[in-house]
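Me: Could you walk me through the charges in this protein? I am new to this, so please go slowly.

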Amino acid sequence: MRESEIERKMVRMIRQRGGLCWKFTSPGTPGVPDRIIITPDGRIYFVELKTEVGRLANIQKWRRELLQKYRCDVLVLRGMDEVEAFIEEVMP
């Protein structure tokens with residue numbers, strides 16, 4: 001399954017459970033995660049999506065580490081199985 005298909009399904013699943021799933025773009029700031037997810041109870045997650053075999057680029061690794069230094073929840077989800085497990089955990 002392509003990353004774009006995983007992303008579409010994840011957005012639909014999160015919205016069905018009452019969450020927000022915003023595309024995260026930041027012009028001039030490469031490597032930011034793909035999505036900002038806000039759960040109905042107000043938890044915020046930065047999510048980078050990959051296929052099962054996808055790898056993070058060095059700039060994505062650096063951005064992830066930077067966000068984590070600011071105590072943000074940053075996740076890399078690989079494939080639909082990880083997406084489904086994440087959604088079930090944070091929005092059962």
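This is a predicted model: local features need pLDDT of at least 70, side-chain atom pairs count only at pLDDT 80 or more; totals for chains, interfaces and linings use all residues.

Me: Which residue does glutamate 7 pair with?

Reply: Glutamate 7 makes a salt bridge with lysine 23, and their closest N and O atoms are 3.2 Å apart. This pair links distant parts of the chain, since glutamate 7 belongs to helix H1 (residues 3–16) while lysine 23 belongs to strand S1 (residues 20–23), and the two are 16 residues apart.

Me: And is glutamate 7 buried or exposed?

Reply: Glutamate 7 counts as buried, because its relative accessibility is 11% and the cut-off for buried is under 20%.

Me: What about aspartate 41, what is its partner?

Reply: Aspartate 41 forms a salt bridge with arginine 43, where the closest N and O atoms lie 3.0 Å apart. Aspartate 41 counts as exposed at 55% relative accessibility, whereas arginine 43, at 32%, counts as partly exposed.

Me: Which residue forms a salt bridge with lysine 50?

Reply: That partner is glutamate 48, with 3.8 Å between the closest N and O atoms of the two residues. Both lysine 50 and glutamate 48 are buried.

Me: Changing topic, which residues make up the patch of negative charge on the surface?

Reply: The negative patch on the surface brings together Glu52, Asp81, Glu82 and Glu84. One of these, aspartate 81, sits in helix H3, which covers residues 79–90.

Me: Why does aspartate 81 count as exposed?

Reply: Aspartate 81 counts as exposed because its relative accessible area is 65%, and the cut-off for exposed is over 50%.

Me: Then which residues gather in the patch of positive charge?

Reply: On the surface, Arg2, Arg8, Lys9 and Arg12 come together as a patch of positive charge.

Me: Where is arginine 2 placed, and is arginine 2 buried or exposed?

Reply: Arginine 2 is found in the segment before H1, and with a relative accessible area of 55%, arginine 2 is exposed.

Technical notes:
Residues are numbered from 1 along each chain as its sequence is written. Side-chain values use heavy atoms; hydrogens and water are left out. Patches are made of residues with over 30% relative accessible area and no salt bridge: like charges are joined within 9 Å, nonpolar side chains (Val, Leu, Ile, Met, Phe, Trp, Tyr) within 5 Å. Accessible areas come from the Shrake-Rupley method with a 1.4 Å probe; for residues, only the protein chains shown count as cover. A salt bridge is a side-chain nitrogen of Lys or Arg within 4 Å of a carboxyl oxygen of Asp or Glu. Lys and Arg count as positive and Asp and Glu as negative; His and the chain ends are not counted. The place of a charge is taken as NZ of Lys, CZ of Arg, CG of Asp or CD of Glu. Helices (H or I, at least four residues) and strands (E, at least two) are DSSP runs, numbered from the N terminus. Buried means under 20% relative accessible area, exposed over 50%, partly exposed in between (1.4 Å probe, protein chains only).
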